[in-house]
Amino acid sequence: MSAFVIDAFEFCRNNGHREGVTPVAEMPRLAADCADASGTISWSIQGGQTRQGYPMMTLSVSGTVQLACQRCLQPFGYELDSSTVLVLGKDDEEADEIEEILDDESIDVIVGTHAMDIRELLEDEALLALPQAPKHEVCPDTTLVDSIKSEKVSPFAALKSLKSE
C-alpha cells in the first residue's frame, strides 16, 4: 500500500496530520497545465471533525509553478497558496445529506473511502488554485503582441476599393 493511501475515516477520527513536498513532475494533470514541470508543491492534510461530528480534512497546497502568459506566451512563475475543507460522506446519498445540513458553499462534501489516495486530492486542489487565464501583471516583452496588433487589417478595408467614386 502506498504511503499516500489512507483510510480517510480513520485519519479524520484520529486527527491525523501529513505534510510533504511533491515535485510538479509527479502530478501529471498539473504538469500538463504548466509551461514546464519544474517546481515543487508543499502540502499538508489535517484530519478532524466538524462541529456536527462529520469527518473532515483540511488540505493546503503552496508553491511556485511555471505558467504560460496568455498575452505574450512567455512562461512566468505563479505562486500557489490554497486551502480547502473537505467533509466526508460514506456514499453519495450521505454526502448529499451532509451538504444540505451544512449549507456552506465554502465546504466541499465528497465521498470518502477506506483506501483514499491523497495525491489525487492534493493535485485537484493545486489545479483549482490555478488562474483561468494566466497573465503577467505587466508583460516583459510585448513585441509579439505589438506585431499582431499592427498587422491587423480591418475586415472592411476590401469594401473601400469597391466603392464607386
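**Close-up views of a predicted model**

From the N terminus on, the elements of the chain follow the order β-α-β-α-β-β-β-α-β-β-α-α-α.

Figure 1. The model is predicted. Of the 165 residues in the chain, 35% are buried. The chain exposes about 10600 Å², and carbon and sulfur atoms supply 50% of that area. Among contacts between residues at least 6 apart in sequence, 58% join residues at least 24 apart.

**Figure 2. The largest nonpolar core has 32 residues.** Leu30, Ile41, Ile45, Met57 and Val65 touch the most other members of this core. At least two core residues come from each of α1 (8–13), α2 (28–33), β3 (40–49), β4 (55–68), β5 (75–89) and α4 (118–128). The largest share, 5 residues, is supplied by β4. In soluble globular proteins, nonpolar side chains tend to be buried together.

**Figure 3. Isoleucine 45 and the residues it contacts.** Neighbours within four places in sequence are left aside here. Isoleucine 45 is then in contact with Phe11, Gly16, His17, Arg18, Met57, Thr58, Leu59, Ile118 and Leu122. Both isoleucine 45 and Met57 are among the residues that touch the most other members of the largest nonpolar core.

**Figure 4. A nonpolar patch on the surface is formed by Phe156, Leu159 and Leu162.** Together these residues have about 380 Å² of accessible area. Phenylalanine 156 sits in the loop between α5 (143–151) and α6 (157–162). Is phenylalanine 156 buried or exposed? Phenylalanine 156 counts as exposed because its relative accessibility is 60%, and the cut-off for exposed is over 50%.

**Figure 5. Asparagine 15 has a positive phi.** Most residues other than glycine have a negative phi. The phi of asparagine 15 is near 50°, although this residue is not a glycine. Asparagine 15 is placed in the loop between α1 and β2 (17–23).

**Figure 6. Leucine 73 is another residue other than glycine with a positive phi.** Its phi is about 70°. Where is leucine 73 found? Leucine 73 is in the loop between β4 and β5. With a relative accessible area of 56%, leucine 73 is exposed.

Key
Residues numbered from 1 in each chain as written. Predicted model: local features only at pLDDT ≥ 70, side-chain atom pairs only at ≥ 80, totals over all residues. Heavy atoms only, no water. Patch = residues over 30% accessible without salt bridge, like charges linked within 9 Å, V, L, I, M, F, W, Y side chains within 5 Å. Areas by Shrake-Rupley, 256 points an atom, 1.4 Å probe, with all protein chains shown as cover. Salt bridge = Lys/Arg side-chain N within 4 Å of Asp/Glu carboxyl O. Helix = DSSP H or I, 4+ residues; strand = E, 2+ residues; numbered from the N terminus. Buried < 20%, exposed > 50% of the residue type's maximum accessible area, 1.4 Å probe, protein only. Core = buried A, V, L, I, M, F, W, Y, C linked by side-chain atoms within 4.5 Å. Contact = heavy atoms within 4.5 Å.
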